Amino acid sequence: MAAINKSSKDKTDALSALLTAALALPGISAAAPGGYRASETLLNFHHADYDEQGNRMSVTTDQAFITTPVGRDFEGHFNAIQDVTSGASPVVNFLDTQGNPHQFVETGASIKDRREIYETSLGYYGDNSYASFGIGKSTEDDYISNYGSVSYRLDLNQKQTSLLAGAGMTSDEVWNSYNPDVFLEEPSIYNRRKKRELMVGISQVLNQTTVVQLNVANVRNSGSLSDPYKKVYVVDEGIIDFRGLINVAGLFDFIVDAGLIEALNRSGITRLLNESPLIDVVGLASFIFGLEKDTRPDSREQWLILLRASHYFEATNSALHVDYRYADDSWDANSHTLELKWNVGLGADWQISPGVRYYSQSSAFFYDTFFESIPEDGYMSVDYRLAGFGAISKKLGVSKTFERAYTFYVDFEQYERRHSYEIGGETKGDAIDDYDFKILSFSVDYRF
Amino acid sequence: MNKGIALGSLLSCTLLLPCLPGCAYEPVKAYQRGKLANPVMVRDANPAHSAFEQHVYSSKESTAGGYSTGAGGCGCN
């Protein structure tokens, strides 16, 4: 969407466009300004499919975005997104007779969710500055998120240096969409949580071919941060220690693979059990197998440092973009992200963009694949997103612009998550959480 | 990786960047900015796809953000 507008007044400030493009952001900022006020309206449609291996989660998303000039100095943005998610997610890890954990994924039964997002923002262009204000709302079957942000950019040193400051606030309502037709569903709960973000950054033109940028951000989450859908296997809380006696993991694998749980869910027997006043299925499972709730601290703070560099290569009419991000987390899930993207101009308004991304995180201090007993502080989770792991993404994007009015994009990504890819490989995690996914997306820009 | 080592590495990289070939600082006049304004220098020419990618990462990894402020959350599984 970084419209390279050729109109009279605005096109003189191409550097400003570049700097803001370098600061281009997800979320509200996906509707980000091109760095100077566009004199044309830009309409974008985007469609993407996300698929995890093994018929787990799949997501289809459609997005429409419009940016348009308002008056002499303002620019307005509106963004609408709809996601449809289906499939299954890991619920708990059961143990086999050797005490090894195995993921229990309730395939064919669990998730069918729709997310709708509406965002709008207004930007003001000063002589050497840009200010914006945006609000948004995201709604799911089990989640409502209201959020807003302000940002300000000040250009200095004949626009070779830009300072950026931003703040954001998110207020969420979260509950589990209790479905009595699903095995091991908890009764409905309702909670709130908040997120506060602050960010400062500086972007510097080093020379005729290189731009660098440094961002520092602080993110604080508070409220209910536990996952109401996930359970934790605690050996001491079970009726007996099944290890060496019964292959509990194998038993649950069998009843899932044989379609027994799906049959129970579809036949209404699960609903009958869940709604029966005589049987507490969740309580019974907890009593027998020691299944406890995912329990996390009610606050979290992360410091993030982002270093970016972009360098133009004249011989190949290409640019290499390098990002490095480090996150320091009060839950100890510290991470490194390194991303390289190579944009190559092929002529006739064709562009090809291969890229690679590497991500590595350590495990949260309360994460494990299962627990022998409830920890003293009571915090415990088997959520695979809190494990120690690494991930490698391979990406390829192709775009073509026609008559400066239409641009078509196709992007593909293949993502491999492996416990063994973690830097150092010293923290808790297991290959049971390894998986792959693919993203394929199509977009079109239309300027008028 | 040790936190101190990571931050030290980052700081070192930041300080060494200007020493790399092609990364030395030279003031740039307005008429010298043609290469910087080349479309290939726009990191994310398709921000809708980039935003979706970041949403996927934030729902599958423990770290989110650092690029901007203002994105909403999700009840991702």
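**Figure 1. Chain B and its accessible surface.** In this predicted model, chain B exposes about 3,300 Å², and carbon and sulfur atoms supply 66% of that area. Its secondary structure is quick to learn: chain B has two helices and zero strands. Of its 77 residues, 51% are buried.

Figure 2. Chain A has 448 residues, and 53% of them count as buried. Its accessible surface is about 18,900 Å², with 59% belonging to carbon and sulfur atoms. Now think about how the chain folds back on itself: among contacts in chain A between residues at least 6 apart in sequence, 64% join residues at least 24 apart.

**Figure 3. Where chain B meets chain A.** How many residues does each chain bring to the contact? Chain B gives 57 residues and chain A gives 115 residues. The size of an interface is often given as the accessible area lost when the parts come together. For chain B and chain A, the buried area is about 7,300 Å², and carbon and sulfur atoms give 56% of it. Polar atoms take part as well, with 33 residue pairs in polar contact across the interface (both at pLDDT 80 or more). On the side of chain B that touches chain A, the elements giving two or more residues are α1 (3-16) and α2 (47-60). The largest share of that side comes from α2(B), with twelve residues.

**Figure 4. Salt bridges between the two chains.** Six salt bridges are counted between chain B and chain A. In one of them, the side chains of Glu52(A) and Lys60(B) meet at 2.8 Å, N to O. Another salt bridge pairs Asp323(A) with Arg43(B), whose closest N and O atoms are 2.3 Å apart. Asp323(A) lies in strand β15 of chain A and Arg43(B) in the loop between α1 and α2 of chain B, so this pair joins two chains. Are these two residues buried or exposed? Both Asp323(A) and Arg43(B) are buried.

**Figure 5. A salt bridge between two strands of chain A.** Over all chains, the structure holds 27 salt bridges. This view shows the one between Arg220(A) and Glu301(A), with the closest N and O atoms 3.1 Å apart. The pair links distant parts of the chain, 81 residues apart: Arg220(A) sits in strand β11 (residues 210-223) and Glu301(A) in strand β14 of chain A. Arg220(A) counts as partly exposed because its relative accessible area is 42%. Glu301(A) is partly exposed too, at 24% relative accessibility.

Figure 6. Look for the salt bridge between Arg385(A) and Asp227(A), where the closest N and O atoms are 3.1 Å apart. Arg385(A) lies in the loop between β17 and β18 and Asp227(A) in the loop between β11 and β12 (231-233), so the pair ties together parts of chain A that are 158 residues apart in sequence. Why does Arg385(A) count as buried? Its relative accessibility is 10%, and the cut-off for buried is under 20%. Asp227(A) is buried as well, with a relative accessible area of 9%.

**Figure 7. Leu386(A) and its neighbours.** Leu386(A) belongs to the loop between β17 (350-361) and β18 (389-402) of chain A. With 3% relative accessibility, Leu386(A) counts as buried. Leaving aside residues up to four places away in sequence, Leu386(A) touches several residues, including Arg296(A), Trp331(A), Phe366(A) and Tyr367(A) of chain A and Ser62(B) of chain B.

**Figure 8. A nonpolar patch on the surface.** Several residues of chain A form this patch, among them Ile239(A), Leu251(A), Leu278(A), Ile279(A) and Phe287(A). Together, the members of the patch have about 890 Å² of accessible area. Ile279(A) lies in the loop between α5 (269-275) and α6 (281-289). At a relative accessible area of 34%, Ile279(A) is partly exposed.

**Figure 9. Two loop residues with positive phi.** Asn317(A) is a residue other than glycine, yet its phi is positive, near 45°. Asn317(A) sits in the loop between β14 (299-313) and β15 (318-329), and is partly exposed at 26% relative accessibility. Arg404(A), also not a glycine, has a positive phi of about 60°. Its place is the loop between β18 and β19 (406-418) of chain A. Is Arg404(A) buried or exposed? Arg404(A) is exposed, with a relative accessible area of 59%.

Key. Residues are numbered from 1 along each chain as its sequence is written. Chains are lettered from A and ligands numbered from 1 in the order in which they are written. This is a predicted model: local features need pLDDT of at least 70, side-chain atom pairs count only at pLDDT 80 or more; totals for chains, interfaces and linings use all residues. Side-chain values use heavy atoms; hydrogens and water are left out. Helices (H or I, at least four residues) and strands (E, at least two) are DSSP runs, numbered from the N terminus. Buried means under 20% relative accessible area, exposed over 50%, partly exposed in between (1.4 Å probe, protein chains only). Contact means heavy atoms within 4.5 Å. Patches are made of residues with over 30% relative accessible area and no salt bridge: like charges are joined within 9 Å, nonpolar side chains (Val, Leu, Ile, Met, Phe, Trp, Tyr) within 5 Å. Accessible areas come from the Shrake-Rupley method with a 1.4 Å probe; for residues, only the protein chains shown count as cover. A salt bridge is a side-chain nitrogen of Lys or Arg within 4 Å of a carboxyl oxygen of Asp or Glu. Buried area is the accessible area (1.4 Å probe) that two parts lose on being put together, summed over both. A polar contact is a pair of N or O atoms within 3.5 Å; within protein, one must be able to donate a hydrogen and the other to accept it, and residues adjacent in sequence count only if both atoms are side-chain atoms.
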